[in-house]
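Please walk through the model shown here, taking its surface, its helix packing and its charged pairs in turn.

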Amino acid sequence: MSVQEYLEKHLLSRKIEEAVNAAVRAKALDPVLFIAGHMRRAAPAVITRVRARQILDGHGAPAVEVELHTNKAVHRASAAGSGALEGAAADSTGASERRKILARAVADAVRVINDKVSEALVGMDPQQQAQIDQAIMDLDKARHKAELGANAMLAVSIAACKAGAAEKEVPLYKHIADLVGKSATTLPVPAITVINGGKHAGNGLPIQEIMILPVGAKNFEEAMQMGSETYHHLKDIILEKCGSDSCNIGDHGGFAPNISSISEGLDLVIAAIERAGYNGRIKLAIDVAATDFCVGKKYDLEFKSTKKSGQNFKTADDMIEIYSQLCSEYPLVSIEQPFDKDDWEHSKKLTTLELCQVAGDDLLMSDPERIKRAVNEYTCNALVLKANQVGTVTEAIEVLKQAKDAHWGVMVSHRSGDTEDSFIADLAVGAAAGQIKAGAPCRGECLTKYNQLLRIEEELGSEGVYAGENWRTVSTS
């Protein structure tokens, strides 16, 4: 084929002329660079292959990382372990055996991605998120994404979402906003972990987390400043009251002081807020993770103690009394998973009291059918959205909109032992969630989300709006 024939076959003469004219109109300082960029944009992006590998998450456990290649660039994403993988590992005995099970599951997922998933996605337009996600879902029709694994599916889906944003030449959060059907201007209120307990720390505190919500900040940057200052004042207070051995941190980066009651932890946090000078501008939240200490139909608040007093084995109605008292004595605005994952009755009782936000985690599992039931029965009034419980970006957006349509609050959440991927920060902004839970201001996998939100706020400039006092009522419409 001659040069002329090649030019004519690919319409290159016309495309080059268009690029030159565009460079002239733009008065490009470097016309060659401008023309090269123009020609690159003129060619539509297509997925050329998908490659996966095993990496380590924030706990040093195996996780899936994906590189999605297009004819223009490579886009990387990773996701923390899914409930299915964690459930399989939990049935084993010993940390070493659990890790081997996870490693095998991740290795299997890597093989499936490199073979079946890559083959299914090659040639697709990365801007067509719904079509890509459907192709992924078609490869794993097992209940709870048991064959491929929700975390592996999510990693591929996120990588495709990043590729779609790059092809549109817009930030990821704006691309997500387009998928949701709204404008991306709202920065979420961070639910910052400051104290860890439950199965995430070695102290006697039965509940999993105590968090602070800087609702009184004027913007996200100030919110993080308030949160970080309070966190470090809390460390000083714990040192003074509990000693240096109580300043170790738990799984989410919160401090793990040697305390055994919720009120002890809340008192420490209130003292830190007051010392930081933010009294009245920071609210409190707790993640009870009550499933972890539910025994039959009762709740063992001393489940980690070797010397049980017998006084802290509570009924569900006792727990409602405890929560009611905490809401009356502290600025407690959100309680996550206050009962066992199958205790719909008492979750409804607490929600109907309208004391605070009642957020469903294990109760809902980001599952559309469970959310539908909870909406109809008024079992809770907020969703803890963990994208890797769902499987794909499209499914995550759908359940988020389902919750918003019910006028619920939505807290976009990381997972314990998350990776350094910051996708949920863009998701929280793009979908106008209003709330984000990413851990403490100290661990790398937590800070990467908060730092991304700082960048987004800077980029939005005057268009950015911090959810603040409206953290539960931000609309996606």
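In which helix does Val-24 lie? Val-24 belongs to helix H2, residues 12–26; helices (H or I, at least four residues) and strands (E, at least two) are DSSP runs numbered from the N terminus. This is a predicted model, in which local features need pLDDT of at least 70 and side-chain atom pairs count only at pLDDT 80 or more, while totals for chains, interfaces and linings use all residues. Residues are numbered from 1 along each chain as its sequence is written, and side-chain values use heavy atoms, with hydrogens and water left out.

Val-24 counts as exposed because its relative accessibility is 59%; buried means under 20% relative accessible area, exposed over 50%, and partly exposed in between (1.4 Å probe, protein chains only). Together with Ile-16 and Val-20, Val-24 makes a nonpolar surface patch of about 240 Å². Such patches take residues with over 30% relative accessible area and no salt bridge, joining nonpolar side chains (Val, Leu, Ile, Met, Phe, Trp, Tyr) within 5 Å and like charges within 9 Å. The areas come from the Shrake-Rupley method with a 1.4 Å probe, and for residues only the protein chains shown count as cover.

Helix H6 (residues 129–138) packs against helix H15 (residues 393–405) at an angle of about 110°, the axes being 8 Å apart. Axes are lines fitted to C-alpha atoms, for helices over the stretch in contact, and angles run from 0 to 180 degrees between N-to-C directions. H6 is therefore roughly perpendicular to H15, a label for angles of 65 to 115 degrees (under 35 is roughly parallel, over 145 roughly antiparallel, the rest oblique). From H6, Gln-129, Ala-130, Asp-133 and Met-137 meet Val-393, Thr-394 and Glu-395 of H15, contact meaning heavy atoms within 4.5 Å.

Side chains of opposite charge can pair when their charged atoms come close. The whole structure holds 22 salt bridges, each a side-chain nitrogen of Lys or Arg within 4 Å of a carboxyl oxygen of Asp or Glu. One of them joins Lys-162 and Asp-421, with the closest N and O atoms 3.0 Å apart. This pair links distant parts of the chain, 259 residues apart: Lys-162 is in helix H7 (residues 150–168), and Asp-421 is in the loop between strand E14 (409–413) and helix H16 (423–430). Lys-162 is partly exposed at 22% relative accessibility, whereas Asp-421 is buried at 11%.

Lys-349 also forms a salt bridge, with Glu-345, at 3.9 Å between the closest N and O atoms. Because Lys-349 and Glu-345 are four residues apart in helix H12 (residues 344–352), about one helical turn separates them.
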